[in-house]
Amino acid sequence: MRNAFAVRCERLSKRYGDVTAVDRLSLTVRRGECFGLLGPNGAGKTTTIEILEGLLTPDEGEVEVLGLRWPTDAPELRQRLGIQLQETRLAEKLTVEETLRLFRAFYHRGRAVDELLRLVELDGKRASWVGTLSGGQRQRLAVACALAGAPDLLFLDEPTTGLDPQSRRQLWGVLERFRAGGGTVVLTTHYMDEAEALCDRVAVVDGGRVIALGTPQELIETLGQRKAVTRHGTLEDVFMTLTGRHLRDD
Ligand SMILES: Nc1ncnc2c1ncn2[C@@H]1O[C@H](COP(=O)(O)OP(=O)(O)OP(=O)(O)O)[C@@H](O)[C@H]1O
Ligand SMILES: [Mg+2]
């Protein structure tokens, strides 16, 4: 039943010189699921997600997305995926509306530009140049661009980093509605409360490997059994226990 999976990857590896960014990483994402990739800076989240998006080629391993493969099925995959990169560079001298029209034009099917503007509450900025938007507004525009083709599967790399609490909650609402329509989401985040609120399952990645996998509740309960702190355990406790306290950017 290969169609039960939106993403299936097995023993993915990607090396940059001496650095092994992704180290024999395997995971599956079910259709309709919201799946979170968690991990400290440099853990390999972006590299993994960019392999799944067909932007990077792995040194080893197998990837299947929506039952299709890169690069053979690239044209179909490009139509069915929505992608928000960790650092989105949009053209500064296009307006918000022009940017969305451009993205909409890439897809055979998709959402109306007015609907996209309403979705991320940027109607008021329709005629503004992208270069004049605040960081949070740009981030929301990037998510609207990712939704322009009405994708089956949405990849979001730190979609809420830099957003104020209002915009963050608003984006959570956008994702919940996307999922209610049957969409699958793979996201990365450094906010454990966000992972708990949004994700059906999460993988904690460190050193390019999956070191824990399960529902947020399962991970919290596992930690609780280990440390006998079930009552106040949070996903952040789990994360810190698994990944330690040292900073990664040495
Ligand atoms: N193009 C590249 N050239 C060399 N090294 C790279 C390249 N891309 C990533 N790396 C290295 O691979 C490792 C994984 O990086 P990656 O960006 O996937 O981490 P991440 O989990 O997304 O981190 P963050 O939370 O900071 O976004 C890091 O050590 C990084 O320095
Ligand atoms: Mg990253």
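In the predicted model, helix H3 (residues 96-105) packs against helix H5 at an angle of about 25 degrees, and the two axes are 9 Å apart. Angles under 35 degrees count as roughly parallel, and H3 and H5 are therefore roughly parallel to each other. The crossing of H3 past H5 is right-handed. On the H3 side, the residues that meet H5 are Val96, Thr99, Leu100 and Phe103, and their counterparts in H5 are Leu141, Ala144 and Cys145. Sorted by class, the contact of H3 with H5 consists of 6 nonpolar residues and 1 polar residue, with no charged residues.

Helix H5 also packs against helix H6 (residues 165-180), here at an angle of about 5 degrees and with the axes 11 Å apart. This angle makes H5 roughly parallel to H6 as well. Gly136, Arg140 and Val143 of H5 form the contact together with Ser167, Leu171 and Val174 of H6. The residues of the contact of H5 with H6 divide into 3 nonpolar, 2 polar and 1 charged.

Two open sheets are described next. One has 6 strands in the order E5-E6-E7-E3-E8-E9, and its pairing is mixed. At its edges stand strand E5 (81-84) and strand E9 (209-214), each of which pairs on one side only. From one strand to the next, the twist of this sheet averages 15 degrees. Strands of a sheet pair through backbone hydrogen bonds, in either a parallel or an antiparallel manner.

Helix H5 (residues 135-147) lies across E5 and E6, and its direction is at about 165 degrees to that of E5. Helix H9 (residues 235-243) packs on the sheet too, where it touches strand E3 (34-38), strand E8 (201-206) and E9. The direction of H9 makes about 30 degrees with that of E8.

The other open sheet is formed by 3 strands in the order E2-E1-E4, with antiparallel pairing. E2 and strand E4 (60-65) stand at the edges with a single partner strand each, so one side of each is left without a neighbour in the sheet. The twist in this sheet averages 15 degrees from one strand to the next. Strand E1 (residues 5-16) runs antiparallel to E2, and 8 bridges join the two. Lys14 stands opposite Val22 in E2. Helix H1 lies across E1, E2 and E4 and runs at about 125 degrees to E1.

Two features of the backbone were noted. Arg11, which is found in strand E1, has a positive phi of about 50 degrees although it is not a glycine. The peptide bond from Trp70 to Pro71 is cis, with an omega near -10 degrees. Pro71 belongs to the loop between E4 and helix H2 (74-80).

The surroundings of ligand 1 complete the description. The shell around ligand 1 consists of Tyr16, Val19, Ala21, Gly39, Asn41, Gly42, Ala43, Gly44, Lys45, Thr46, Thr47 and Gln86. Strand E2 (19-30) and helix H1 (45-52) are the elements that give two or more residues to this shell. H1 gives the most, with 3 residues. By class, the shell around ligand 1 contains 4 nonpolar, 7 polar and 1 charged residues.

Key:
Residues are numbered from 1 along each chain as its sequence is written. Chains are lettered from A and ligands numbered from 1 in the order in which they are written. This is a predicted model: local features need pLDDT of at least 70, side-chain atom pairs count only at pLDDT 80 or more; totals for chains, interfaces and linings use all residues. A residue is near a molecule or strand if its C-beta atom, placed from the backbone, lies within 6 Å of it. Helices (H or I, at least four residues) and strands (E, at least two) are DSSP runs, numbered from the N terminus. Ala, Val, Leu, Ile, Met, Phe, Trp, Tyr, Cys and Pro count as nonpolar, Asp, Glu, Lys and Arg as charged, and the others, Gly among them, as polar. Two strands pair if DSSP finds at least two bridges between them. Axes are lines fitted to C-alpha atoms, for helices over the stretch in contact, and angles run from 0 to 180 degrees between N-to-C directions. Two residues are in contact if their C-beta atoms, placed from the backbone, lie within 7 Å. Angles under 35 degrees count as roughly parallel, over 145 as roughly antiparallel, 65 to 115 as roughly perpendicular and the rest as oblique. A crossing is left-handed if the near helix is turned anticlockwise from the far one by less than a right angle, and right-handed if clockwise.
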